[in-house]
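This briefing is meant to be read alongside the sequence and the structure shown below. Please keep both in view while going through the points.

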Amino acid sequence: MIKTILKQVRQYKKASLLSPLFAALEVVMEVLIPYITAQIIDQGIEGGDINKVYFYGICMVVMAMFSLTFGVLAGKYAANASSGLACNLRESMYENIQRFSFANIDKYSTAGLITRMTTDVTNIQNAYQMIIRIAVRAPFMLVSSMIMCFFIQHRLSMVFVVAIFFLAMILMLIVQMAMKVFDKVFKKYDGLNASVQENVSAIRVVKAYVREDHENEKFGKASGELYDLSVKAESIVAFNNPVMMLTIYGCIIALSWFGAHFVVNGEMTTGELTSMFSYIMSILMSLMMLSMIFVMLTMSAASAKRITEVLTEEPSLTNGANPLKTVANGDIDFNHVSFSYREGSGEETLKDIDLHIKSGETIGIIGGTGCGKSSFANLVSRLYDVQKGSVFVGGRDVRDYDMEVLRNQVAVVLQKNVLFSGTILENLRWGKEDASEEECMEACRQACADEFITRFPKQYDTYIEQGGNNVSGGQKQRLCIARALLKNPKILILDDSTSAVDTATDAKIRKTFKETIPGITKLIIAQRISSVQDADRILVLENGEVNGFDTHENLLKTNAIYQEIYEVQTKGGGDFDEQAG
Amino acid sequence: MKERKRVENPMKVLSRVIKYMTVNYKFSFLVVVVCIITAAIANLVGITFMQTLIDDYILPMAQNGGGDFSALAEALLRMAAIFLVGIVCSYVYNRIMVNVGQGTLKRLRDDLFVHMEKLPIKYFDTNAHGDIMSVYTNDVDTLRQLISMSIPQTINSCVSVVCVFTGMITTNVPLTILSLAMVGVMLFTMSKIGGKSGMYFGRQQKDLGTVNGFIEEMIGGQKVIKVFCHEEQSIEAFKKLNDELRISADNANKYANIMMPINANIGNISYVLCAIAGGLLALNHVGTLTLGGLVAFLTLNKSFTQPITQISQQLNAIVMAMAGAQRVFALMDAEVEVDNGYVELVNAKELPDGTLEETKERTGIWAWKHPHQAQGTVTYTKLQGDVVFDDVDFGYHEDKIVLHGVKLFATPGQKIAFVGSTGAGKTTITNLINRFYDIQDGKIRYDGININKIKKDDLRHSLGMVLQDTHLFTGTVMDNIRYGRLDATDEECIAAAKLANAHSFIKRLPDGYQTVLTGDGGNLSQGQRQLLSIARAAVADPPVLILDEATSSIDTRTESLVQQGMDRLMNGRTTFVIAHRLSTIRNADCIMVLEQGRIIERGNHEQLISEQGKYYQLYTGKTGKAGN
């Protein structure tokens, strides 16, 4: 996990190494400065020699300058390295997400991916910055202060060794005990946030059923549990400070007692005793920092894990060796295809589908919710791989094609379609990057989108807001169809893409298709009989199986399900959607 | 991503935070403050003790060439006692702060939530859900830091500064002035660098927001990117934004990082200056400064700069936290739904003479209890579901009216349908009946009572709603159905599920009715979720039903099955239906055709067809004689 993250340091390796190096140099200065301070006191002031004060004073100023430079450089490189790492992490995740297949995308929620790319990366960035600055600094400080102490008075230094051992043990114990409880706290916290989220988005339901008190009670219970756990975790941490103080004060008393003996016996000067006091502070501070780093690492481990998941997620679909670069025609063949979203779960979404579609045919697909219509369509452009059997396009297995080539030739208008923020023209050019304005207009005419676009004040330069919220559902669907048409594909799949378009316009679109793009194989998935009844053949799916595959007339005679749907819809009238435009 | 506005009056917000924190913990907080001060003093005694140790014990002993260590031992014991008090105080305040901090946070969260539940729907329309969520997560978290870290540390540092400063000024005035001057230099550089850092942090926040928005849009449309093979372009666009974020993050952190070494070394230089100046003073016997005094002063000087750095850092953190606190209080101060209603809904039983009497038990008969203040009498009106709109105007904003002069009447048991294009105002009308929004002009009467007079809770109890967007809650399927009526038995819930035709799919779920739904029922299809929300409305058993595209995601075949159940459910109830499928609305008693906030046609199916107007056009796809 840590290896995967560290791999992303890439071009910031230099900064990542320079930062601890300068931090170390800064430590050297910081360690030497108390020594100089001791000299100022001993030789200068107590010795009554103002020149010594000048000399050591200048030494100290020079060292302070060095320390300052090193410190600034360490800080600069640390910022550089950590923000660079964060940038690389985001980029790599984003790149990998772009390689995701539909199956991979299904695995993660959009909100989950966003959290990983923002909050989690920020956590790692902060932790990394802290680590490269302090993880080297603290142990280095510890060791050099120890050396200085031993250099001054090795027997007295034994006091520190005992103290460090004591403090390290206790801190470890505290951290370990606290982390266990904190783990539970984080889980509770997530649960609490989820409950807020739920209430924010479902506030209408809460209000409609007058369940405010019920929700308050639920929330109060959850926040009470969070409180209990947090208090438990933090009470353990509350020992941190007093234990730290206990050690420091213990050291001061011990140092005073033994130090006094050494000084009296002439084995040590008072200045040296004072600097010993500074060193002991440094040593204990660095221990404290180490324990902080430990806590921080444990806390960011969860973030690192979530990031690693995305980084190491293998796209479930890949191009084969020597992929085909051209698609011969719009033939589609399903050869005894079985498909399941969750392999080995035994729930087959499609069961033994075997059918053959000729280039240029228009095929309607109809069936109840969850019968496998969309799954059927998704297999044609290899958005998922089949488990059994094979899907052929243009006479070749879809797995033999280069995926990009295949998807450019098989245009899909998805059921849950999305427009992106940008002008209408920009959105249309997703289909064909270098499409001229005329081409775009032509596509819009075919999709019957021109009639409303021309009524917008800015026409094709109208700005579409994020999610396409400033156009109606029916308008959005027609723009999406136009966008797909611009690809000039051999196969066009409309997955319930005219559901929000009124019946009349829907019919008009189908008529234009027949006239302008007769050579394209068209798969039209719909709920409405009227959308499919004039197709060459209609596929009736039921529970993932082919229930019927014939013309409208024949199906009306032979197919019970088709008859039933027809009956329900004609009796009740057609569909009654939003008005055109 | 919200913009980080400057806090108008940080001190006012801060004092409110402290008031909020201390109101339940007055005594605890007092103990905490006393303990912090005691611990800080003990710590300072420790620092100054070193000098006493050298001057009063070690030096004399060294000069005497050994001697009596018992005096030293006694002094050390005294020190140990003081230290012990410091340690105990430190533990006490750390431990109490856990309760104060967490307790305040719990109260804060509970208060926020309870308040949020009272807010009008309008609030949720005008505030992005992400922003509301961020109050609970980010902003409450900054307050946690403020309460449990910044405030105690600031008190601690202030005590140190005051004590050290007293020590310094009593030792030597000129040197104190010199130290103060250096502190001035320090504060000046800090404010310079801090300003830069703050500016870049602001920019980083903005860039982060941009990247966030971009990811949200792109990942939301990831499947479309896939089918259009648009991956390369989207990576390119992302790289650009990502790099801008890197640069601003780099700068922001750089300036924050260099603050520490700069401060520490200004402290070092201050030390040297004091040593030289003090040395000159002492050696030339200017003033009263002794050598021992100078050494003591230098130690104090060292302990003077550190807490000042800390205070300035904490102040920075506090100011930043104030932005969060302001958002927390903004949510807490948001105006709640006003409810001046006084008419209540009560269980009733019919007396032989036809009058109604209030009862406690559930009788199946409901009545509006209408107290008349002037006369001091109470009248009971039977709940029947008679709804009248009288010339209603409504706009989400005062200045933009979206419904104009809407008139409609629904007699008990009628089915009223609304049709029209997106944005015509169908959903809006239904949201007025249950007072999600209040009308600008006109009157809505329910069983002859102006709905403004009815208590909102009781009004909503009498209305069952199935909304366009289905929302389910974390919990079992059974819990979700029971949401309609909390005291419903399992049998009643199952009966409701059967009515909604949801029973068959629920049975096929891994744990049947006990299957736990998470993440808004993410593991169910849209159609299944709609069936569940219909079951939820069925179990509530309300006299008036509002179905807003309740079956839009259910295929026509299943819908026709659900329809039978719905017809049974709607039997004898006033029902408002919004749908785009004709099969759903055809048998309505009255169909209202809406366009741009006005009812342009009304009548039953046959009448509207024969009128050959808008309805006819939508239904047949042909242009009627009315034209368009």
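The model is a predicted one, and every value below is computed from its coordinates. Chain A holds 20 helices and twelve strands, while the secondary structure of chain B consists of 19 helices and 16 strands. Chain B is more spread out than a compact globule, because its radius of gyration of 36 Å is well over the 25 Å that the globule rule gives for 628 residues.

**Overall form of chain A**

- For chain A the radius of gyration is 36 Å, whereas a compact globule of 581 residues would have a value near 25 Å.
- Taken along the principal axes, the box filled by the C-alpha atoms of chain A is roughly 115 × 55 × 50 Å.
- Among the contacts in chain A with a separation of 6 or more, 77% are accounted for by residues 24 or more positions apart.
- The side chains of chain A include 56 positive and 64 negative ones, and the centres of these two sets lie 2 Å apart.

**Overall form of chain B**

- The C-alpha atoms of chain B fill a box of roughly 120 × 65 × 55 Å along the principal axes.
- Residues 24 or more positions apart make up 70% of the contacts in chain B that have a separation of 6 or more.
- Chain B carries 61 positive and 62 negative side chains, and the centres of the two sets lie 3 Å apart.

**A four-stranded sheet in chain A**

- Four strands of chain A form an open sheet in the order S2-S1-S4-S5, and the pairing is antiparallel.
- The edges of this sheet are taken by S2 and S5 (396–397) of chain A, each of which has a single partner strand, so one side of each is left without a neighbour in the sheet.
- Strand S1 (residues 332–339) of chain A is mostly covered, since six of its eight residues are buried.
- Five bridges hold S1(A) in antiparallel pairing with strand S2 (residues 350–357) of chain A, and within S2(A) the residue opposite A:Val337 is A:Ile353.
- S1(A) also runs antiparallel to strand S4 (residues 388–393) of chain A, again with five bridges, and A:Phe334 has A:Val391 in S4(A) as its bridge partner.
- S4(A) and S5(A) are joined by two bridges in the antiparallel sense, with A:Phe392 bridged to A:Asp397 in S5(A).

- A:His336, which belongs to strand S1 of chain A, has a positive phi of about 45° although it is not a glycine.
- This residue, A:His336, counts as partly exposed, because its relative accessibility of 46% falls between the limits of 20% and 50%.
- A:Val210 lies in the loop between helix H7 (203–208) and helix H8 (212–237) of chain A, and its phi is near 50°, which is likewise a positive value in a residue other than glycine.
- With a relative accessibility of 11%, which is under the limit of 20%, A:Val210 counts as buried.

- Leaving aside residues up to four places away in sequence, A:Glu313 touches A:Asn96, A:Phe100, A:Asn104, A:Lys107 and A:Tyr108.
- B:Gly221 is placed in the loop between helix H6 (173–220) and helix H7 (222–227) of chain B, and its relative accessibility of 1% means that B:Gly221 counts as buried.
- When residues up to four places away in sequence are not counted, B:Gly221 touches A:Val418 and A:Phe420.

Definitions and conventions
Residues numbered from 1 in each chain as written. Chains lettered and ligands numbered in written order. Predicted model: local features only at pLDDT ≥ 70, side-chain atom pairs only at ≥ 80, totals over all residues. Heavy atoms only, no water. Rg over C-alpha atoms; globule rule 2.2 N^0.38 Å. Contact = heavy atoms within 4.5 Å. Lys, Arg positive; Asp, Glu negative; His and termini not counted. Charge placed at Lys NZ, Arg CZ, Asp CG, Glu CD. Buried < 20%, exposed > 50% of the residue type's maximum accessible area, 1.4 Å probe, protein only. Pairing = 2+ DSSP bridges.
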